[in-house]
Amino acid sequence: MAAEVDASRSPIGRMTTPEGIADPYPIFDELRSERPVCRDDVYGVWVCTRHSAVQQVLSDPTVSSRRSEAYWDPDRLPAEIRATAHAVYSALGQRMLMQDPPEHTATRKVMGAAFGKRAVALLRPRVADLVDELLAPVAAGGSIDVVADLAVPLSIRTIAEVLGVPHDDIGRIEGWAEDFATTKDVRPGEVDREAAALRGVEALLEYLGDLVGRTRAGPVRDDVLGLVVGAADAAGPHDDARLAANLAGLLVGGHDTTTGLVSTGLLSLLRFPAELAVLQHDPELVVPAIEELLRFESPAQWILRTTTREMDLEGCVIGPGQLVGLFLGAANRDPAVFAQPARLDVRRRPTQHFAFGRGRHLCVGAPLARIEAELALSALVTRYRGIEPAGTAPVWKPNFAQRGLARLEVHLVGR
Ligand code: HEM
């Protein structure tokens with residue numbers, strides 16, 4: 001059961017209600033203009049909704065990404081789940097996402113090479129084949145759930161391919177990825193939901209640890225997994241827990257977010273049919289339009305940082321050791337930076353959006369996510385005469401942190 005939301009004490013609590021998840025933008029607008037930096041007493045986080053504040057925090061080298069212990073104190077959980085929580089949260093704390101230099105720099109170098117634009121371009125034909133396979137049942141037109149039939153299998157199979165996960169294991173991986181996303185979205189008091197999710201993440205880490213062991217013992221391989229394991233081993237003694245945590249970070253960082261981009265991207269186009277028509281008329285615009293779709297409905301809604309010294313944010317002085325929440329979805333609709341931010345405009349060039357973060361932790365998987373979204377959306381706008389919303393309303397996932405749809409039924413009109 002979610003705790004009661006006390007709106008005055010918990011702006012984040014308001015965002016995580018079903019109404020807030022379906023449409024967080026009025027809350028963002030109110031906070032951005034009235035309380036651009038404010039404290040959420042329930043979550044223990046400072047809430048930043050203006051583009052300028054997000055920019056300031058992400059470009060300040062003194063701000064730290066370490067935060068797992070402060071945020072996820074496992075001792076608040078019932079005794080029977082505490083050991084699992086300690087193990088899982090300390091493993092997750094070893095992901096590069098939660099590290100500062102110099103540890104971050106070393107891991108980032110390995111992952112950055114494995115996911116560089118050139119390496120990812122080699123994956124393009126495989127992603128194109130996957131899109132073809134998934135759309136084959138509706139090649140002549142028909143109805144699909146864009147989430148279950150296209151976005152989820154495309155993203156999970158792509159990342160499984162990248163990591164060399166056997167096909168038969170994909171179903172399990174998908175369930176664990178969902179559990180992982182849940183750990184980032186538990187509201188205070190949701191102990192059962194958190195415990196179930198933690199057990200899933202524990203199983204995922206064990207699975208990935210085995211995969212690393214098998215990769216090391218097997219023949220040399222030139223896929224991402226082979227590169228990552230080889231480079232990590234070359235850099236120093238084996239640290240399989242850290243490797244498994246980073247692989248889990250890739251899997252989850254890559255899955256839910258890309259699913260969100262494809263599904264909410266299409267929903268945004270259906271809500272602005274004139275913009276969909278622009279892409280249907282000129283499919284070359286799909287590539288730049290993806291940046292606008294990322295700005296408009298950002299799959300990663302907020303990220304966290306910890307201050308290490310006193311900071312003045314929009315006139316609000318915050319002490320050291322404080323958790324600061326950067327609300328990317330709110331900053332991406334800041335009218336001080338984006339004219340008419342609530343209007344989808346596929347011809348806009350929103351180079352200043354924060355959907356992939358900014359600075360040293362800028363999303364390492366962005367080139368891959370862009371290719372997946374481009375190939376999926378291009379196929380939809382070029383292969384069908386029309387894309388129409390089906391009778392049922394889209395359903396949002398009950399996860400505020402990772403914005404995305406649980407269901408989006410559409411009718412594809414064949415040519
Ligand atoms: C639309 C899809 C995606 C979105 C919106 C997204 C968003 C983000 C954001 C906002 C960050 C910065 C987090 C922070 O600074 O705290 C990030 C980092 C990261 N992302 Fe993504 N991501 C996407 C796809 C992917 C994919 C496909 C992968 C992997 C294949 C991936 C792996 C990662 C990793 C490993 C990091 C941590 C980088 C670091 O700490 O240096 N992401 N992502």
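**Close-up views of a predicted model**

**View 1. The whole protein chain, for orientation.** The protein chain has 18 helices and 11 strands. Its radius of gyration is 21 Å, close to the 22 Å that the globule rule gives for 415 residues, so the chain is as compact as a globular protein of that length. Along the principal axes, the C-alpha atoms fill a box of roughly 60 × 60 × 40 Å. Of the 415 residues, 44% count as buried. Among contacts between residues at least 6 apart in sequence, 73% join residues at least 24 apart.

**View 2. An open sheet of four strands.** The strands of this sheet follow the order S1-S2-S7-S4, and their pairing is mixed. Strand S1 (37–40) and strand S4 (302–306) stand at the edges with a single partner strand each, so one side of each has no neighbour in the sheet. On average, neighbouring strands of the sheet are turned by 30° against each other, direction ignored. Helix H4 (residues 51–58) packs on the sheet and touches S1, S2, S4 and S7. The direction of H4 makes about 130° with that of S7.

**View 3. Strand S7 and its two kinds of pairing.** Strands of a sheet pair through backbone hydrogen bonds, either parallel or antiparallel. Strand S2 (residues 45–48) and strand S7 (residues 323–327) run parallel and are joined by three bridges. Here Val-47 stands opposite Gly-325 in S7. Strands S4 and S7 run antiparallel, with five bridges between them. Arg-305 stands opposite Val-324 in S7. Four of the five residues of S4 are buried, so this strand is largely enclosed by the rest of the structure.

**View 4. An open sheet of three strands.** In this sheet the order is S3-S11-S8 and the pairing is antiparallel. The edge strands, strand S3 (142–145) and strand S8 (386–389), each pair on one side only. Neighbouring strands are turned by 30° against each other on average, direction ignored. Strand S8 and strand S11 (residues 409–413) are joined by four bridges and run antiparallel. Pro-389 has Val-410 in S11 as its bridge partner. Helix H10 (residues 146–163) packs on the sheet, where it touches S3 and S11. The direction of H10 makes about 65° with that of S3.

**View 5. The surroundings of Trp-396.** Trp-396 lies in strand S9 (residues 395–396). A residue is buried if 20 or more other C-beta atoms lie within 10 Å of its own. Trp-396 has 20 C-beta neighbours inside 10 Å, so it counts as buried. Leaving aside neighbours within four places in sequence, Trp-396 is in contact with Ile-21, Ala-22, Leu-405 and Ala-406. Ala-217 is 179 residues from Trp-396 in sequence, and the two are 43 Å apart in space, C-alpha to C-alpha.

Terms used:
Residues are numbered from 1 along each chain as its sequence is written. This is a predicted model: local features need pLDDT of at least 70, side-chain atom pairs count only at pLDDT 80 or more; totals for chains, interfaces and linings use all residues. The radius of gyration is taken over C-alpha atoms; the globule rule is 2.2 Å times the number of residues to the power 0.38. A residue is buried if 20 or more other C-beta atoms lie within 10 Å of its own, exposed if 12 or fewer, and partly exposed in between; C-beta atoms are placed from the backbone. Two residues are in contact if their C-beta atoms, placed from the backbone, lie within 7 Å. Two strands pair if DSSP finds at least two bridges between them. Axes are lines fitted to C-alpha atoms, for helices over the stretch in contact, and angles run from 0 to 180 degrees between N-to-C directions.
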